[in-house]
Amino acid sequence: MKRIVVLTGAGVSAESGLKTFRDADGLWHNHRIEDVATPGAWLKNMDLVLEFYNERRKNLLEAKPNAAHMALARLEEKYDVQIITQNVDDLHERGGSTRVLHLHGELRKARSTADPSLVYELESWELKRGDLCGKGYQLRPHIVWFGEPVPLITEAAELCTQADICIVIGTSLQVYPAAGLIHYVFQGAPKFLIDPKAEHVPMVENLEVIKKTAGEGVVELVGKLLREC
Ligand code: APR
(Lines give C-alpha, C1' and ligand atoms only; values in the text may rest on other atoms or scores of the structure.)
Protein backbone atom coordinates (compact mmCIF):
# COMPACT_ATOMS: atom_id res chain seq x y z
CA MET A 1 0.00 0.00 0.00
CA LYS A 2 1.22 3.51 -0.78
CA ARG A 3 1.98 5.63 2.30
CA ILE A 4 0.31 9.01 2.68
CA VAL A 5 1.39 11.46 5.38
CA VAL A 6 -1.15 14.16 6.16
CA LEU A 7 0.12 17.28 7.99
CA THR A 8 -2.77 19.24 9.47
CA GLY A 9 -3.26 22.50 11.34
CA ALA A 10 -6.16 24.42 12.84
CA GLY A 11 -7.73 25.05 9.42
CA VAL A 12 -8.85 21.42 9.10
CA SER A 13 -11.07 21.92 12.18
CA ALA A 14 -12.31 25.41 11.26
CA GLU A 15 -15.48 24.06 9.59
CA SER A 16 -16.21 22.13 12.77
CA GLY A 17 -16.53 25.50 14.48
CA LEU A 18 -13.16 25.52 16.27
CA LYS A 19 -11.17 28.77 16.05
CA THR A 20 -7.85 28.86 14.27
CA PHE A 21 -4.97 30.88 15.76
CA ARG A 22 -4.00 33.50 13.21
CA ASP A 23 -7.13 34.11 11.16
CA ALA A 24 -9.30 37.12 11.89
CA ASP A 25 -10.93 36.51 15.30
CA GLY A 26 -8.40 33.71 15.85
CA LEU A 27 -7.27 32.60 19.29
CA TRP A 28 -4.14 34.77 19.19
CA HIS A 29 -6.22 37.83 18.40
CA ASN A 30 -8.10 37.40 21.67
CA HIS A 31 -5.30 36.15 23.93
CA ARG A 32 -1.58 36.87 24.26
CA ILE A 33 0.48 33.67 23.84
CA GLU A 34 2.65 34.71 26.77
CA ASP A 35 -0.41 34.91 29.00
CA VAL A 36 -1.89 31.47 28.28
CA ALA A 37 0.50 29.17 26.37
CA THR A 38 3.95 29.25 27.97
CA PRO A 39 5.49 27.69 31.11
CA GLY A 40 5.91 31.25 32.45
CA ALA A 41 2.18 31.90 32.05
CA TRP A 42 1.45 28.77 34.08
CA LEU A 43 3.69 29.94 36.90
CA LYS A 44 2.35 33.50 36.75
CA ASN A 45 -1.37 32.83 36.41
CA MET A 46 -2.38 29.16 36.56
CA ASP A 47 -6.10 29.98 36.74
CA LEU A 48 -6.03 32.03 33.52
CA VAL A 49 -4.21 29.20 31.71
CA LEU A 50 -6.66 26.61 33.06
CA GLU A 51 -9.59 28.80 31.95
CA PHE A 52 -8.14 29.24 28.42
CA TYR A 53 -7.95 25.48 27.87
CA ASN A 54 -11.23 24.78 29.69
CA GLU A 55 -13.00 27.13 27.26
CA ARG A 56 -11.43 25.37 24.24
CA ARG A 57 -12.23 21.94 25.72
CA LYS A 58 -15.87 22.96 26.25
CA ASN A 59 -16.08 24.07 22.58
CA LEU A 60 -14.46 20.81 21.46
CA LEU A 61 -17.04 18.69 23.30
CA GLU A 62 -19.74 20.52 21.30
CA ALA A 63 -17.88 20.21 17.96
CA LYS A 64 -18.16 17.38 15.44
CA PRO A 65 -15.72 16.06 12.81
CA ASN A 66 -16.34 17.70 9.42
CA ALA A 67 -16.28 16.33 5.84
CA ALA A 68 -12.49 16.70 5.67
CA HIS A 69 -11.90 14.56 8.77
CA MET A 70 -14.27 11.89 7.41
CA ALA A 71 -12.68 11.94 3.95
CA LEU A 72 -9.21 11.43 5.46
CA ALA A 73 -10.53 8.39 7.30
CA ARG A 74 -11.91 6.98 4.01
CA LEU A 75 -8.43 7.30 2.50
CA GLU A 76 -7.41 4.38 4.76
CA GLU A 77 -9.46 2.02 2.56
CA LYS A 78 -6.69 2.02 -0.04
CA TYR A 79 -3.67 3.76 1.51
CA ASP A 80 -1.45 3.49 4.58
CA VAL A 81 -2.40 6.87 6.11
CA GLN A 82 -0.56 8.64 8.94
CA ILE A 83 -2.01 11.88 10.26
CA ILE A 84 0.54 14.22 11.85
CA THR A 85 -1.38 17.09 13.40
CA GLN A 86 -0.51 20.31 15.21
CA ASN A 87 -4.08 20.27 16.50
CA VAL A 88 -4.91 19.31 20.04
CA ASP A 89 -8.52 18.40 19.24
CA ASP A 90 -9.62 14.77 18.77
CA LEU A 91 -11.64 15.35 15.59
CA HIS A 92 -9.34 13.22 13.41
CA GLU A 93 -9.90 10.27 15.75
CA ARG A 94 -13.64 10.94 16.01
CA GLY A 95 -13.77 11.23 12.21
CA GLY A 96 -12.37 7.69 11.95
CA SER A 97 -8.63 8.13 11.35
CA THR A 98 -6.75 5.35 13.15
CA ARG A 99 -3.16 6.66 13.13
CA VAL A 100 -2.92 10.18 14.52
CA LEU A 101 0.25 11.72 15.95
CA HIS A 102 -0.33 14.89 18.00
CA LEU A 103 2.78 17.09 17.84
CA HIS A 104 1.43 19.76 20.23
CA GLY A 105 -0.44 17.56 22.71
CA GLU A 106 -4.08 16.70 23.32
CA LEU A 107 -6.76 18.98 24.79
CA ARG A 108 -8.76 16.13 26.35
CA LYS A 109 -5.79 14.95 28.41
CA ALA A 110 -4.01 16.31 31.49
CA ARG A 111 -0.64 15.41 32.97
CA SER A 112 1.18 15.64 36.25
CA THR A 113 3.31 18.75 36.80
CA ALA A 114 5.80 16.57 38.68
CA ASP A 115 5.90 13.44 36.51
CA PRO A 116 5.16 14.01 32.78
CA SER A 117 4.72 10.26 32.27
CA LEU A 118 1.50 10.47 34.31
CA VAL A 119 -1.11 11.40 31.67
CA TYR A 120 -4.88 11.22 32.28
CA GLU A 121 -7.96 11.33 30.02
CA LEU A 122 -10.24 14.18 31.11
CA GLU A 123 -13.86 13.05 31.40
CA SER A 124 -15.30 16.56 31.59
CA TRP A 125 -14.37 19.92 30.03
CA GLU A 126 -13.00 21.35 33.27
CA LEU A 127 -9.51 21.05 34.76
CA LYS A 128 -9.23 22.96 38.03
CA ARG A 129 -6.63 24.10 40.55
CA GLY A 130 -6.57 21.26 43.10
CA ASP A 131 -7.04 18.50 40.50
CA LEU A 132 -4.07 16.30 41.39
CA CYS A 133 -2.16 13.41 39.82
CA GLY A 134 -1.80 10.06 41.61
CA LYS A 135 1.31 11.36 43.35
CA GLY A 136 -0.51 14.42 44.72
CA TYR A 137 0.80 17.07 42.32
CA GLN A 138 -1.29 19.57 40.33
CA LEU A 139 -2.45 18.46 36.90
CA ARG A 140 -1.72 20.70 33.85
CA PRO A 141 -3.05 20.65 30.29
CA HIS A 142 -1.30 17.95 28.21
CA ILE A 143 -0.24 20.59 25.68
CA VAL A 144 3.19 21.53 24.27
CA TRP A 145 3.56 25.21 25.19
CA PHE A 146 5.76 27.68 23.36
CA GLY A 147 9.33 27.20 24.54
CA GLU A 148 8.78 23.53 25.43
CA PRO A 149 10.30 20.64 23.46
CA VAL A 150 8.16 18.76 20.89
CA PRO A 151 8.72 15.16 22.01
CA LEU A 152 7.26 13.49 18.88
CA ILE A 153 9.06 15.58 16.24
CA THR A 154 11.72 12.95 15.49
CA GLU A 155 9.09 10.25 14.98
CA ALA A 156 7.11 12.66 12.78
CA ALA A 157 10.14 13.50 10.63
CA GLU A 158 10.91 9.79 10.22
CA LEU A 159 7.33 9.16 9.02
CA CYS A 160 7.66 12.01 6.50
CA THR A 161 10.84 10.46 5.02
CA GLN A 162 8.80 7.33 4.27
CA ALA A 163 5.86 9.08 2.60
CA ASP A 164 4.93 8.34 -1.04
CA ILE A 165 2.44 11.25 -0.98
CA CYS A 166 2.14 14.25 1.39
CA ILE A 167 -0.98 16.33 1.98
CA VAL A 168 -0.74 19.56 4.02
CA ILE A 169 -4.08 20.96 5.22
CA GLY A 170 -5.05 24.15 7.02
CA THR A 171 -1.81 25.37 8.53
CA SER A 172 -0.10 28.74 8.17
CA LEU A 173 3.26 26.93 8.35
CA GLN A 174 4.50 29.59 10.78
CA VAL A 175 5.46 27.44 13.77
CA TYR A 176 8.56 25.26 13.79
CA PRO A 177 9.58 22.49 14.00
CA ALA A 178 6.15 21.35 12.67
CA ALA A 179 6.33 23.72 9.69
CA GLY A 180 9.59 22.13 8.55
CA LEU A 181 8.26 18.57 8.30
CA ILE A 182 7.34 18.81 4.61
CA HIS A 183 11.05 19.15 3.82
CA TYR A 184 11.58 15.57 5.05
CA VAL A 185 9.32 14.23 2.28
CA PHE A 186 11.12 12.75 -0.77
CA GLN A 187 11.49 15.51 -3.40
CA GLY A 188 9.90 13.35 -6.10
CA ALA A 189 6.79 12.60 -4.01
CA PRO A 190 3.56 14.39 -5.00
CA LYS A 191 2.64 17.02 -2.39
CA PHE A 192 -0.61 18.94 -1.94
CA LEU A 193 -1.32 22.08 0.10
CA ILE A 194 -5.01 22.69 0.82
CA ASP A 195 -5.74 26.13 2.26
CA PRO A 196 -8.11 28.87 1.00
CA LYS A 197 -5.40 31.49 1.62
CA ALA A 198 -2.13 29.49 1.36
CA GLU A 199 -0.14 32.57 2.33
CA HIS A 200 3.11 30.68 3.03
CA VAL A 201 3.88 28.18 0.28
CA PRO A 202 6.90 25.99 1.10
CA MET A 203 9.74 25.86 -1.45
CA VAL A 204 9.47 22.16 -2.28
CA GLU A 205 9.21 20.24 -5.57
CA ASN A 206 6.04 18.56 -6.88
CA LEU A 207 3.71 20.77 -4.84
CA GLU A 208 0.15 21.47 -5.96
CA VAL A 209 -1.57 24.31 -4.10
CA ILE A 210 -5.34 23.86 -3.80
CA LYS A 211 -6.85 27.17 -2.69
CA LYS A 212 -10.01 25.70 -1.24
CA THR A 213 -11.39 25.00 2.19
CA ALA A 214 -10.65 21.64 3.77
CA GLY A 215 -14.30 20.64 3.48
CA GLU A 216 -14.15 21.09 -0.28
CA GLY A 217 -10.50 20.53 -1.21
CA VAL A 218 -9.86 17.46 0.93
CA VAL A 219 -13.05 15.73 -0.20
CA GLU A 220 -12.14 16.33 -3.86
CA LEU A 221 -8.51 15.21 -3.44
CA VAL A 222 -9.45 12.08 -1.50
CA GLY A 223 -11.98 11.16 -4.20
CA LYS A 224 -9.28 11.56 -6.85
CA LEU A 225 -6.71 9.51 -4.88
CA LEU A 226 -9.20 6.70 -4.24
CA ARG A 227 -10.15 6.57 -7.93
CA GLU A 228 -6.48 6.52 -8.99
CA CYS A 229 -5.49 3.69 -6.68
N1 APR B 1 -9.97 24.99 5.42
C2 APR B 1 -8.61 24.92 5.25
N3 APR B 1 -7.75 25.83 5.77
C4 APR B 1 -8.27 26.84 6.48
C5 APR B 1 -9.66 26.99 6.70
C6 APR B 1 -10.51 26.00 6.13
N7 APR B 1 -11.84 26.05 6.28
N8 APR B 1 -9.86 28.11 7.45
C9 APR B 1 -8.63 28.63 7.69
N10 APR B 1 -7.69 27.88 7.09
C11 APR B 1 -6.24 28.07 7.11
C12 APR B 1 -5.78 29.49 7.21
O13 APR B 1 -5.74 30.11 5.92
C14 APR B 1 -4.40 29.34 7.82
O15 APR B 1 -3.41 29.16 6.81
O16 APR B 1 -5.74 27.43 8.25
C17 APR B 1 -4.52 28.06 8.63
C18 APR B 1 -4.55 28.29 10.12
O19 APR B 1 -3.31 28.81 10.51
P20 APR B 1 -3.04 29.07 12.07
O21 APR B 1 -4.20 29.76 12.67
O22 APR B 1 -1.68 29.69 12.19
O23 APR B 1 -3.02 27.61 12.70
P24 APR B 1 -1.84 26.55 12.68
O25 APR B 1 -1.04 26.66 11.43
O26 APR B 1 -2.43 25.24 13.01
O27 APR B 1 -0.92 27.03 13.92
C28 APR B 1 0.20 26.24 14.19
O29 APR B 1 0.69 27.56 16.13
O30 APR B 1 -0.06 28.71 17.94
C31 APR B 1 0.51 27.52 17.55
O32 APR B 1 0.35 25.49 18.69
C33 APR B 1 -0.37 26.36 17.88
O34 APR B 1 -0.59 24.30 16.64
C35 APR B 1 -0.64 25.72 16.53
C36 APR B 1 0.48 26.25 15.66
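**A close look at strand 7**

Reply: Strand 1 (residues 3-8) runs parallel to strand 7, and the two pair over five bridges. Keep in mind that this is a predicted model. Along that pairing, threonine 8 sits opposite isoleucine 169 of strand 7. Strand 7 also pairs with strand 8 (residues 191-194), again in the parallel sense, this time over four bridges. There, isoleucine 167 has phenylalanine 192 of strand 8 as its bridge partner.

Now for how covered strand 7 is. It spans residues 165-169, and five of the five are buried, so the strand is largely enclosed by the rest of the structure. In a regular strand, side chains alternate between the two faces of the sheet. Here Ile165, Ile167 and Ile169 lie on one side, with Cys166 and Val168 on the other, and all of them are buried.

That brings us to the cysteines. The disulfide count is zero. Cysteine 166 isn't in one: its nearest cysteine sulfur belongs to cysteine 160, 5.9 Å away, and the cut-off for a disulfide is within 2.5 Å. Cysteine 166 has 0% relative accessibility, so it counts as buried.

Cysteine 229 makes a handy contrast. Its closest cysteine sulfur is the one in cysteine 166, but at 17 Å that's too far for a bond. With 48% relative accessibility, cysteine 229 counts as partly exposed, whereas cysteine 166 is buried.

Conventions. Residues numbered from 1 in each chain as written. Predicted model: local features only at pLDDT ≥ 70, side-chain atom pairs only at ≥ 80, totals over all residues. Heavy atoms only, no water. Buried < 20%, exposed > 50% of the residue type's maximum accessible area, 1.4 Å probe, protein only. Pairing = 2+ DSSP bridges.
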